[in-house]
Every structure is written in C-alpha cells, then in structure tokens.
Amino acid sequence: MAQVEKRGGLLRKSSAYKKPLKEKVVLMYDEIFMTEDPSKCSPRFWEELFLMKVNLEYLEGKLESLDGEELMKIKENINCLFQHCIQALGEEHPIRVVNALQTLCALIRGVHQKNKSTSGFDIINMLMGFDKAELCMKNLMESLDSLLCAEGSESLKSLCLKLLLCLVTVTDNISQNTILEYVMINSIFEAILQILSHPPSRREHGYDAVVLLALLVNYRKYESVNPYIVKLSIVDDEATLNGMGLVIAQALSEYNRQYKDKEEEHQGGFFSALTNMVGSMFIADAHEKISVQTNEAILLALYEAVHLNRNFITVLAQSHPEMGLVTTPVGPAPATPATPLGTTPPSADVISSVELPLDADVQTSNLLITFLKYSSIVMQDTKDEHRLHSGKLCLIILTCIAEDQYANAFLHDDNMNFRVNLHRMPMRHRKKAADKNLPCRPLVCAVLDLMVEFIVTHMMKEFPMDLYVRCIQVVHKLLCYQKKCRVRLHYTWRELWSALINLLKFLMSNETVLLAKHNIFTLALMIVNLFNMFITYGDTFLPTPSSYDELYYEIIRMHQSFDNLYSMVLRLSTNAGQWKEAASKVTHALVNIRAIINHFNPKIESYAAVNHISQLSEEQVLEVVRANYDTLTLKLQDGLDQYERYSEQHKEAAFFKELVRSISTNVRRNLAFHTLSQEVLLKEFSTIS
C-alpha cells in the first residue's frame, strides 16, 4: 500500500498518478480567501470551521503570500473570521475554543508579517475593521480574562497567554502597537496576578505570565499613564508577590544550573586536559566557550518589580531551599534556544523543587542570592552585545536595591548570613576559590564581592566605562547607608581598596586610548571620592580601629599611583583643553589623600633612618601611622555621603526602549502555538459532545 505523505495542508499518496488532495480545513481557508462570503453557500461554515484541526502553517503562509491589494479585497472575510473566532471563545466545547485561539494566533502573525512596515492602525483595520475594533477587543479581552481565571483546562490557559504574547509583540516597537490601547482599557492585570498567586497555575504558566506583565508595563511608559504600571506599583498581596519572585528565581536558577553543568563538562573534558598540558595560556578562550543564552525577559520582569513596587523588596530575602540541590532533573536538559535572548521557561523539576519544605541539611537561598549568582556569570563577558545589556540591567537592579532603605536593612543584617558562591572569571594569576571555604556573611558582602570582581576583571581595551560607573555607584550607595546607620561591616575592605587603586593605574596607563572615547575623569573622581569617604567617615563604619589604620597603610603603600594621578590631572587642568574642568575636579578631590601621603612619608623615612632599617614591615609602618594621627590636618569635604537617586525616564529611556524591542522580537520568534497535539487536546477534552 502506497505511503501517505502530509505536507503544507496537502494529503497525497506517493504514487505520481494520483492528484494531491487538500485537507478539508485547507479548502475552507481557501474559501475565506475568496472575495465572496463563505457562509452564503454553506450556512454552517463558521460552526464547522472551529471543529477542524487548525493548519497554522497554511493559514499564515496564505496571508503572507498575498500582496497588499489582494489582502484588501478579502478584508471583509478576514474581519468576519476574526469576529467568529472571538464568538467561538464563548463556546462550551473546549475544542472549538482551542481552535479559535490558534486561529487568532495565526491571523495576527500572518497579518503582522504582511504589514511589517506599516503602523498598528493598519493591522487593526485588517483584522477587525476600525468601526468594530473597540467592541471586538472588549469581547476578546473579556473572554481571555474569563478563560485565564476559570478552573478549567491548563492547555486553554496556556494558549490564552500565548495569544496575548502574540498580540503584544505584533510590532517590533511595542509602543507603536495600537492594539495595546485596547489591552490597556480592558485590563487582564488581575488574571495575571491570579496565575502568580495560585501554585498549580504558577507552575504551568508563571513564566509566560511574568514575561507578559513585563512587556505590558513597558507600553508607552514615558508618554502616557500605563494602568499596568500603576497597578503593579501598589500590589501588596504576599502570595502574589512571592509567586512572582518564585517564577523569576526559578528562571534565573535554571540559567545558573545550565551554566554550572557546562562549566563542569568543560573542566572534565578534552580541553581541560589540553590546558593542563600546555599551561593556562588559553584559559580566556576556554572560558568564552562556556556560554548559556541570557534571559533579558525575566531580568526585565525583576527590574520592573524591584523598581516599581516597594513591597517586592521583601521577596528578595524570602528564604527557600537552594534550587537544584533538592531535586535532580531527570533526563537531558532542555535545549537552549539558538536566539540571543532566551525565553525558554525553566524545567518542571526546578519549578517543583522550590515548593518543597525547608530541610535543615539543605543550604537555603533566596531570590537575591540567585540573582547575584546570575549576575556574576553574565557580567564576566561583556564583549557580546546581549551580555553587555544583561550586565547593565543587573547593575541597574543592584542600584535600585542599594538605594532602598529596607533592602539595605536585610543586606546588612548580621542575623541573615549566607554562603554565596559567586562565579569568578578564570585568570592566570589567581587560583580558583574552593566553594567549601566560603564563609557565611551578611548579603551585602556578596554584593561588594561582585563589584570587586567586576572591577578586577574588566580592565581591557574595549573598556566598559558605563558599567564601571554603575559599579562604583553601587559601592558608594552601600557605604552611604553604612555611614548613615553606623553599620560596622566585617568585610575584607583591602580587596576593594586594592581593586580601586589598580583601576586608577589602568586609567593612567591607558590615558591616550581611553580619552579618545571616554571622560575618564568622571570615573577617577568617583574612585577618589570613595577613598575620601573612607578617610572622612571610616571611623563610623569600618569594623575596627585597625581597619582605619590599614586604609592609611594602603594609601601610603600605593602613594606612587596617587602621585601619578595628581601629576596627570594637574597637567590637564592647567592646559586650556576640553578636559580642563573635569581634571581640576579630581585635583581638588585629591587634597586629603595628598595630605596623608605628604604627612606620613617623611615620618616613615625618618623612622627607617633612625632605626637603620632599609625596608619597613607593615607593622612598623602602622606603628608610625598610629603615632602621628594627632598632627595630621585634613580638610572637611562636603557632599561625600550624598548621591543622585536613580531615574529611569531621564537617563535610561533609550536603553530600555532598545532592550524591550529586542525582547519583544525574540518572544515573538520563540512563540510556539502548535506545542499541543490534537490527540493530547482530544484526550484532555474527552467530554466533548
């Protein structure tokens, strides 16, 4: 018997003598693409259509194949199909509802492909007609809202969310998508919250719901009042906020797990053996190969929650078992999408693991720790544009956290100690830190470690100036809180001081190259003022008097770097060049550092001469420092503990517009409407009459 092949809506035998036969649904689509009303000849046409299995590929392809003029000729039939799809959403039979949802998805995608260069208005007209658009969209949104809130099928809810994501991302720039005006008027915000607050729904649909909310919040956010922004900012229901936090934590945790798996695979493989044989000269190249696609969509959702909702800050510290330690995923890990911005939700195993009760033997974690680990991976490699955007967004989120009073309270809480294993970039001059040796410390220590790690590892030709500025700002804001609340943090401050001095040395040694692209004096001033902060207020927040002594020791030990910086800025501030004003600010900021160097250096030299010592030990230098504090005169510098608060609209609007465009394009590309086979649906809806 000849085999039957199915391709593009055609059923045909392999025999060359038989004419290809079309599926019934394809014949019905063809009738819609005629200029006549298909229901004229067959009154039950629309009723029968939604009992047929949807052929997405054929329907979308047919829409795309028509030119603008041909499409306008069948506009009435397209409008009619759209309206009958909405009517079918109210049917009792789930199969009709599923087919209507899939048909709507195909219609929206097909018309979008045809109208890429045109505005949202043309898409509205083509899909439903201007005169009926308001009523159509009201009915559609009400039906979707009912389906999402009902106790019914999870498959239906999944398709509803995918249809909404399709609707939202129909244009590259979502703010130009006029269809969303109707989504603003007929809000589905409460339906999204219900999904997030209800564990079974959250496990099935939480990811899509969170991404959808993040996109809706970004619709014309700078031009008009967006109801989703207003509503998100006042949510105070604990179950809902925790639900949102869990979805974000699961997605980030899945990324961290995939990265760790790839890292272990690398370390145990051929490349590891080769590296051991020839030394570590290829270590950077080896590291570049360990890459997992970043997930800006979920990161955007975290940003909007942290930025807009003060109540969400509590979710950051909500303890749960370390994801990945509780259950081990069975079978192969899901394939990572080839697209640059991942939108694949985490595996079901990871999602369910977090709902388990706490075990005393399991390391507890929270959303902030998961986010810090994610950031430590993403911020390692900023050469790739998507990772650069991810790194920037991570630092913006940390900026918002560092400004929040409540966030700072739990960051610095001595009773909330965690062991945070950040990923460190492989470097030739340092050994890989053993995970077991990590101490339990307040979470702010992990944030500072992350900032120090970034400072140390990104001094390169393609200098990420913007990220460095944000990194120093995060450190400054944390110090401002410590000074204000007199928090004496037991932290290895020397690592920070050393990193900052090395950064100054890098700026000076690459002055010519960097000045061609950046105003390095802005960054230099920020670094110098961090030292001024320690000098002026260090006695109120450094853990011990000896820590303050060590600060002076580091400044004296590295005096040549500060002397060189002073020479450079003095040279440029006395010339009538473009950097005169910026350099002179650094000159003035160095006054106390220079006073310390000029005060203690002669005394150290004198001590060495009197005691006939060629090279003083650290303890001997500290002895001289302690003995000569009284005669040191410093100038009081104003505004060291002040900072400009983060403002998205004035400074970051362009970045977020581009980021949301990229996420929107990627979400549309990765949407899969045919993931549910007809057999699965029939099994689920076996009660159909």
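## Terms and basis

A residue is called buried when its relative accessible area is under 20%, exposed when over 50%, and partly exposed in between (1.4 Å probe, protein chains only). The structure is a predicted model, in which local features need pLDDT of at least 70 and side-chain atom pairs count only at pLDDT 80 or more, while totals for chains, interfaces and linings use all residues. Residues are numbered from 1 along each chain as its sequence is written, and side-chain values use heavy atoms, with hydrogens and water left out.

## Aromatic pairs

Rings of Phe, Tyr and Trp (its six-membered ring) pair if their centres lie within 6.5 Å; planes under 30 degrees apart count as stacked, over 60 as edge-to-face and the rest as tilted. The whole structure holds 22 aromatic pairs. One of them is the stacked pair of Phe463 and Tyr468, at 4.7 Å centre to centre with 10° between the planes. Both Phe463 and Tyr468 are buried.

Phe531 and Phe562 form an edge-to-face pair, because their planes stand at 85° with the ring centres 5.5 Å apart. This pair links distant parts of the chain, 31 residues apart: Phe531 belongs to helix H27 and Phe562 to helix H29 (residues 559–573). Helices (H or I, at least four residues) are DSSP runs, numbered from the N terminus. Phe531 and Phe562 are both buried. An aromatic cluster is formed by Tyr491, Trp493, Trp497, Phe534 and Phe541.

## Charges over rings

A charge sits over a ring if NZ of Lys or CZ of Arg is within 6 Å of the ring centre and within 35 degrees of the ring normal. Lys483 lies over the face of Tyr537, 4.6 Å from the ring centre, and Lys62 over that of Phe33, at 5.9 Å.

## The largest nonpolar core

A nonpolar core is a set of buried Ala, Val, Leu, Ile, Met, Phe, Trp, Tyr and Cys residues joined through side-chain atoms within 4.5 Å. In the largest core, of 232 residues, Phe312 and Phe521 touch the most other members. Helix H27 (residues 520–541) gives the most to this core, with 14 residues. The core lies between domain 1 (24–185 + 658–688) and domain 2 (492–647), because both give residues to it; the domain bounds come from an automatic or database domain assignment.

Contact means heavy atoms within 4.5 Å. Not counting residues up to four places away in sequence, Phe312 touches residues including Leu241, Met244, Ile248 and Leu367.

## Helix H32

Val621, Leu622, Val624 and Val625 are buried in helix H32 (residues 618–627). The buried residues of H32 fall within an arc of 155° seen down its axis, so they line one face of the helix; the arc is that of the directions from the helix axis to the C-beta atoms. Helix H28 (545–557) and helix H31 (591–610) are among the elements that cover these buried residues.

Note on methods: Helices (H or I, at least four residues) and strands (E, at least two) are DSSP runs, numbered from the N terminus.
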